[in-house]
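Subject: Structure handover

Hi,

Here is the structure we talked about. My notes follow below it.

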Amino acid sequence: MLHQLEGSQAIARSVALCRPNVVSAYPISPQTHILEGLEGLVRSGKLESCEYMNVESEIGAISVALGAESAGARSYTATSSQGLLHMMEVVYNVSGLELPLVMTLGNRAVGAPINIWNDHSDAMAARDAGWLMFFAETNQEAVDLHILAFRIAEETQCPVIVNVDGFILTHAYEQVDLPSQDQVDEFLPPYKPNTSLTVDNPMAIGAMVPPEYFMEVKHLAHRKQEQALEAIENLGNDFYNKFGRNSGGLVHGYAIQEAETVVVTMGSVAGTIKDVVDELNREGMKFGELSICCYRPFPVSAIVSALKNARKVIVVEKSLAIGLGGILSREIELALNGLDVQMVSVVAGLGGRNITKAMLKECFLKKSSGEVTFLGLDEKLVNSNIGSGL
Amino acid sequence: MFQVRIHGRGGQGVVTAAEMLSIAAFLEGKHAQAFPSFGSERMGAPVMAFCRISDGEIRLREPVMEPNAVIIQDRTVIDATDTFLGIVAGGFVLVNSNSDIRHKLKKVTVKCIDATELALEHVGKPIPNAVLLGSFVAITGILKIESIVAAIKTKFPGTMGEKNINAAQAAYNRVLRII
């Protein structure tokens with residue numbers, strides 16, 4: 001059924017449709033409205049058989065979720081920015097223990113300097129932590145990706161982070177189609193854990209692994225993620241067949257068939273980029289857009305097959321590896337190794353800097369210098385600081 | 001696509017106004033997107049919110065740069081921020097003010113309504129957003145007053161909603177008489 005909802009409320013209702021048994025909650029902007037929404041649904045009895053636990057910190061939130069998952073409960077939590085960093089030790093434990101937890105990351109910059117606005121720095125801090133990572137372009141995709149996330153997590157025994165652009169999506173009112181409880185129940189069967197900690201069947205999980213086996217454990221984790229690519233693609237198709245929306249899968253291409261230049265990105269900025277692509281194509285140019293929906297595992301084959309005919313690839317990303325440059329752009333470059341493609345790396349929107357159609361259009365038409373472009377950078381300010389010896 | 005930018009101060013329901021406008025548009029089967037200019041949600045600080053209304057899907061995520069309409073809930077923000085920035089030719093500005101606003105805008109209509117007075121009369125609080133939404137639809141005709149009423153009811157189901165509905169309706173009728 002169609003609703004006009006704030007993104008966070010839409011996500012809360014979608015998570016509730018997945019019938020989590022445990023929600024652990026600690027607030028941090030911009031994800032707080034999601035957990036508040038879930039609290040309301042638990043308190044009003046709309047979400048039954050769910051223990052909503054207020055905890056004292058983010059590390060408490062993820063530790064509770066880890067414990068609950070270990071006991072066989074479908075669990076959920078959400079965080080942003082420094083909150084994720086505060087969780088980080090346990091983030092690695094959740095994936096190492098193969099617990100299918102689902103967590104929403106309301107994407108926000110990481111300080112210092114402190115900044116509450118949107119970028120993907122927080123997500124990048126978890127990119128090597130062994131979780132599957134999806135990025136939503138719209139609030140409809142955010143709704144759908146949470147339903148998919150629980151199903152994929154439990155089928156692959158991998159935890160999932162669903163990335164949703166902080167404020168831009170979490171605080172935006174837009175139209176979303178929320179599926180019925182029956183539809184979600186059909187798509188997402190009750191969780192049956194492979195093993196769970198119970199008093200009746202005592203055992204230990206997370207024992208120390210010595211050098212003789214540790215490499216094998218990590219190799220298997222890597223293989224498992226690679227194998228998850230197929231499940232993510234197939235379940236994306238199943239979701240499409242059931243709900244009629246192509247929200248899941250690995251990558252989403254727009255006008256890429258004829259495109260000479262393809263702009264690659266993740267998250268909500270894809271919408272603005274598509275508007276620019278349409279404008280440029282109306283002016284007789286050949287542009288396309290590719291959204292990386294599944295960022296981990298990194299879908300190399302899907303990316304290569306989408307970009308193999310492009311002459312130029314422009315990666316627009318909201319993240320920066322200080323001392324290296326773009327992160328997604330380096331990964332795309334590696335994926336396209338051996339293809340005759342010109343690569344352009346654009347870092348945009350850090351700390352909530354506006355990304356406008358006009359800025360993107362100018363950037364896409366500019367001849368590339370080979371250097372990383374920082375979209376909308378105040379060159380004068382930067383140069384005056386360099387002049388004064390940083 | 002019709003784009004609206006709402007200016008005011010924290011606590012005056014600026015963000016809520018944009019949200020209710022989007023709900024009203026949704027109720028008429030249109031696509032609508034409402035979002036705040038984030039991070040300044042302190043009581044009394046200048047606040048901005050945006051609303052886009054369209055017959056088709058809205059993909060654009062930039063702030064509203066070229067509004068068709070600007071709603072100013074508090075005339076003291078006019079000098080504090082660039083409230084008239086980017087208004088399109090033929091656009092209009094609706095200001096909560098009990099006196100006329102001096103401006104140099106060409107091809108832009110500026111209308112004033114004493115929204116605070118009407119809010120105090122009907123709501124009992126100086127929250128002008130419902131009054132301004134009622135005035136907005138009276139001037140533009142892009143949405144029905146019934147949709148604004150339903151949107152207020154969705155956001156505020158209780159007595160407060162009823163009072164705001166009366167305020168919006170009174171403003172709608174007053175503006176229709178003037179224009």
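Two residues are in contact if their C-beta atoms, placed from the backbone, lie within 7 Å. This is a predicted model: local features need pLDDT of at least 70, side-chain atom pairs count only at pLDDT 80 or more, and totals for chains, interfaces and linings use all residues. Residues are numbered from 1 along each chain as its sequence is written, with chains lettered from A and ligands numbered from 1 in the order written.

Helix α9(A) first. Helices (H or I, at least four residues) and strands (E, at least two) are DSSP runs, numbered from the N terminus. The buried residues of α9(A) include A:Val269, A:Ile273 and A:Val277; buried means 20 or more other C-beta atoms within 10 Å of a residue's own. The buried residues pack against β9, β10, β11, β13 and α12 of chain A. A:Gly284 follows α9(A), with a positive phi near 95°.

Next, a helix pair. α3 (58-70) and α4 (81-96) of chain A pack at about 25°, axes 7 Å apart. That makes α3(A) roughly parallel to α4(A) (angles under 35 degrees). Among the contact residues are A:Ile62 and A:Leu66 of α3(A) and A:Met87 and A:Val90 of α4(A).

Last, the chain contact. Chain B gives 18 residues and chain A 21. On the side of chain B that touches chain A, α1 (14-27) and β2 (31-36) of chain B each supply at least two residues. β2(B) gives the most, six.

Best wishes

How values were computed: Buried ≥ 20, exposed ≤ 12 C-beta atoms within 10 Å, placed from the backbone. Axes fitted to C-alpha atoms, helices over the stretch in contact; angles between N-to-C directions. Parallel < 35°, antiparallel > 145°, perpendicular 65-115°, else oblique.
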